[in-house]
Each structure stands twice: as structure tokens, then as C-alpha cells.
Amino acid sequence: QMKELQDELNRAAGSKETAWAATITFSGSLQNEAVISYNYTLAGCGWLPLYRIEALPAGKQVTFSWEAELWQSSGEDWKQAQINLATMQPAASVTPPDLPDWIIQQRKRRSYQPLMRENLKAEAMLEKRAALSETDEEEKIAESVKTTYSVWSIGRRNITAGDRQRLKIKEDNWPADFFFLARPALSPQAFVCAQVKFAAPLEIPPGQAIFLIDGAVLGKRDFNLAGVEGLLFFGTSPLITVTSSTLAQKAGAKTVFQNKQTQLWQWLIEANNSSGNNARIRIEEPAPQARDERIRLNFQQKPEPTEKDHTKFVWIIDVPAKQKIAIENTVELEAPKELELDLGWRR
């Protein structure tokens, strides 16, 4: 009991017992009164952003709620104190696993470990809301954008020493385009994605967010966003799968006289929609990259990718309800026979 009481006292008054005193001297003409203002940094005080993000695919929107959890251990209650919250520089993050580079090059004298699949985990957890006073609810919240951060002025508030208090910062509805993202080279899972765009740049600092879809809690994870658009992920759908299966993989020389080696890969991608609604699916596959000018690659794909660059092929397809669509891929390689090749992870 004594320890619990001491911990509670430390939360309210801080763990340090040092009391500072300041001596001020004045010069110049004598005055009967003087107004002194001063600034200082107070330890044991801070705030954390908390978010609630819910996907509503039927309404083509994402609802966004932002709260701030504040605390202070000054030893005194703050009564009608002007509170300004400064955001930090946001950090980028990616939820699904990245596509591995498919590199074809001369073999190096070292071992190669292919990229392993990462399991995505979500922690289902709901946070309890703290009650706000009527005075706090009436305050107007305003944002001031600085060069590298933003300041949210939440007005004058009563902040009790030792307690954590939640204040609502912002609520918004974001128009969104929903689709499924699949990377069958890594997993047959299809991620529910929402592409959101904004009329003006937003800066949402890193914090904890509760993610939901149609009222169902998916879990709690880190979140941040900066700019005029963003891609949000809302778990996987068991009714949408995209699989990859090998049809042929052959190696050999074309002829003895040509003194060349060849490699052939043939695989089939199948997007299966078992749901009762049409589904738009974005399928991403690694593209082989030749890192030697003596290596020649030829691609045959049905249908042709919607997008392609030097690292990946992308198909954006609409799969009707309870149907599937197949994509055929063929990659042919030709290189000098004496060139020892490292064929990458798709061996």
C-alpha cells in the first residue's frame, strides 16, 4: 500500500524532490511595479496522439477520429491553462511485406538467403474514454502549420496533476477508393486497402490507432500520415485469395554450337473471388532484373500488366462475384554458357 501511494504521489508531483529558487536583479530607473514573464521546460509532462480509423467500403469513406492523451506531474493542478500541442516529424511505415527484388546476375562466392515471409499480427484492444468537462468541450481547437511541424491550440484546459486526460482534437470523413492488394509471390492473402486523398496536405504525428472495418475491431497498431494522399490497410479478406503456381521451370543449352544457356519460368496467377460482390484487385509480382549486360530476358504475359517498371509487374483487375481470373506468365533467359548465374529466389 505504501508503494502504491508513493507511485501515485510521484505521478502527481514528480519523482524529483529538488526545489529551485531564482534570484532576479534589476538595473535602470526605479519602478514600483514590474511584470515578469519567463519560460522553462517542465519534466514529467507530455501528450500522446490516439486515433480511431474505421473503413466503410460501402460508403466509400474512412472515418477518422483524433484524441490527445495529456498528463502532467508538476504537483499542482493546472486551472484554465493555455495548452498547445506540437506534432513531431512523421515517420514512414509500411504494413504489408515488401516485394523482394528478383535479381539475375553472375553468382557471387557467398551464400544467399531468400526473403522470408513475415506474419502480420494485430492486437485486438479497445481503449476506455475519459470524461471531458463542459468547459473543455466548448474550447475551439485550431491548427497552426510551421515549417517542419504543426501546433494545435486546444485553448484553456483544466489538467489535474497525476491523472491522464483525453481531449478530442479532430474528427473527419475521408473519401476513399477501396481495393484489394495481393502479392502472391509472398502470400495468397489479399489486403483490404483504402486510397485516400485530401484537398490540402495533412500532418498526423506517429501514434497508436485502433483500426476497424464496418464496426468490427481489427486491432491496434502504429499510425502516421503526411501529405495529400495515403494508403491505409485494413487486414485481409478470407473470401479473396490470389495464388501463384509453377507450371514449368526448365534449364538447358540451346545448341552446342551457340554455347549458350537458357532458363525458362512459367507460372500461373489465379485471383479467386468467393464473395457475393465484385472485387477490384491489385496484383504485384517481382520483375526479374538482369545485372549483367550478357543476360537477355524475354517476357510473355496474358493479359499484359496494367503497369510495369524495372522492379515489378502490376495487374489491376475486376473479378466478378464468385468467379476467378487467371494470369499467365512466361520468362525466358539467355546467357553465355560459361556465365555462372545466381537465379535469385525464384529458382
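Residues are numbered from 1 along each chain as its sequence is written. Because the model is predicted, local features need pLDDT of at least 70 and side-chain atom pairs count only at pLDDT 80 or more, while totals for chains, interfaces and linings use all residues, and side-chain values use heavy atoms, with hydrogens and water left out.

I will start with the cores. A nonpolar core here is a set of buried Ala, Val, Leu, Ile, Met, Phe, Trp, Tyr and Cys residues joined through side-chain atoms within 4.5 Å. Buried means under 20% relative accessible area, exposed means over 50%, and partly exposed is in between, with a 1.4 Å probe and protein chains only. The largest core has 58 residues, and I53, F223, L232, F234 and I281 have the most contacts inside it. Strand β8, residues 189–213, supplies the largest share of this core, 10 residues. Strands are DSSP runs of E, at least two residues long, numbered from the N terminus. Take I53: leaving out residues up to four places away in sequence, its contacts include V62, F64, I210, L212, F223, L232 and F234. Contact means heavy atoms within 4.5 Å. Another core, of 5 residues, lies apart from the largest one, and L181, F191, C193 and F233 are among its members.

Next, the charged pairs. The structure holds 12 salt bridges, each a side-chain nitrogen of Lys or Arg within 4 Å of a carboxyl oxygen of Asp or Glu. E67 pairs with R166, with the closest N and O atoms 3.4 Å apart. That pair links distant parts of the chain, since E67 is in strand β2 (residues 61–72) and R166 is in strand β7, 99 residues apart. Both E67 and R166 are buried. R164 and E69 form another salt bridge, at 3.2 Å from N to O. R164 lies in the loop between β6 and β7 and E69 in strand β2, so this pair ties together parts 95 residues apart in sequence. R164 is partly exposed at 47% relative accessibility, whereas E69 is buried at 17%.

The side chains of R294 and D292 also meet in a salt bridge, 3.1 Å from N to O. R294 is partly exposed at 39%, and D292 is buried at 15%. Salt bridges that share partners also join R183, R282, E284 and E307 into one network.

Back to the loop between β6 (150–159) and β7 (165–182), which holds G162. Which residues does G162 touch, not counting those up to four places away in sequence? They are R11, A12 and Q72. G162 and A12 are 150 residues apart in sequence, yet their C-alpha atoms are 3.6 Å apart.

N273 sits in strand β10, residues 260–273. N273 is buried, at 0% relative accessibility. Its side chain reaches the backbone oxygen of N277 at 2.8 Å. Beyond four places in sequence, the contacts of N273 include L239, I240, V319, P320 and A321.

Last, the sheet. Three strands form an open sheet in the order β12-β4-β17, with mixed pairing. β12 (288–290) and β17 (341–342) are at the edges with a single partner strand each, so one side of each has no neighbour in the sheet. Two strands pair if DSSP finds at least two bridges between them. Strand β4, residues 102–106, pairs with β17 in the antiparallel sense over 2 bridges. Q106 stands opposite L341 in β17.

Notes
Helices (H or I, at least four residues) and strands (E, at least two) are DSSP runs, numbered from the N terminus. A polar contact is a pair of N or O atoms within 3.5 Å; within protein, one must be able to donate a hydrogen and the other to accept it, and residues adjacent in sequence count only if both atoms are side-chain atoms.
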